[in-house]
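Biologist: I'd like a close look at the charged side-chain pairs in this one. Could you walk me through them?

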Amino acid sequence: MTEDESQAAAEDLAKRLRLLMDVAVAESGTEPTYSQIADYLQERGTSLSRSRWTYMVNGHRYVQDPAVFEGLAAFFDVDAAFLLGEDGAATPEKVSAQLDLVRSMRAAKVKSYAARTLGDISPKALHAITKFLDEEMTHMPEH
């Protein structure tokens, strides 16, 4: 793996880890701490130092440790193939659902903002804006 490929893999892993952290926040209301993750992995016989976790979650260095990946996948209840970004690995359903929810919430915020700031706009124009946003939402790529 070249240095560029390693950096790209590290950044890709970081994005998936941050996404899983966001899903965990949506599910439980709090972000899992390093200690919770490290303790979980330790129970499985895998060590994860704070610096290694920081490298991984911030995309600073690509870590190639199958035991860590398997443990993290189990912690977040996803397939390790998703975490590794393997070709053909499906996005977990709970992640897809959370992404859909976030998109809907963002669209609702845009609609609300448009309605507030475009107060003098005709109902017909506001309806056209809403219709446009709804259509854009249906054209979002699948995960």
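Where do D12 and R16 lie, and how many residues apart are they?

Modeller: Both D12 and R16 lie in helix 1 (residues 3–28), four residues apart, or about one turn of the helix. Helices here are DSSP runs of H or I with at least four residues, numbered from the N terminus. Bear in mind that this is a predicted model, in which local features need pLDDT of at least 70 and side-chain atom pairs count only at pLDDT 80 or more, while totals for chains, interfaces and linings use all residues. Residues are numbered from 1 along each chain as its sequence is written, and side-chain values use heavy atoms, leaving out hydrogens and water.

D12 and R16 form a salt bridge, with the closest N and O atoms 2.3 Å apart. That term needs a side-chain nitrogen of Lys or Arg within 4 Å of a carboxyl oxygen of Asp or Glu, and by this rule there are three salt bridges. R16 is buried at 10% relative accessible area, whereas D12 is partly exposed at 35%; the cut-offs are under 20% for buried, over 50% for exposed and in between for partly exposed (1.4 Å probe, protein chains only).

Next, R18 and E31 meet at 3.1 Å, N to O. This pair links distant parts of the chain, 13 residues apart: R18 sits in helix 1, and E31 in the loop between helix 1 and helix 2 (34–43). R18 is partly exposed at 32%, and so is E31, at 37%.

Then there's D65 with R52, at 2.9 Å, N to O. D65 is in the loop between helix 3 (50–58) and helix 4 (66–76) and R52 is in helix 3, so this pair ties together parts 13 residues apart in sequence. R52 is partly exposed, at 26%.

Conventions:
Helix = DSSP H or I, 4+ residues; strand = E, 2+ residues; numbered from the N terminus.
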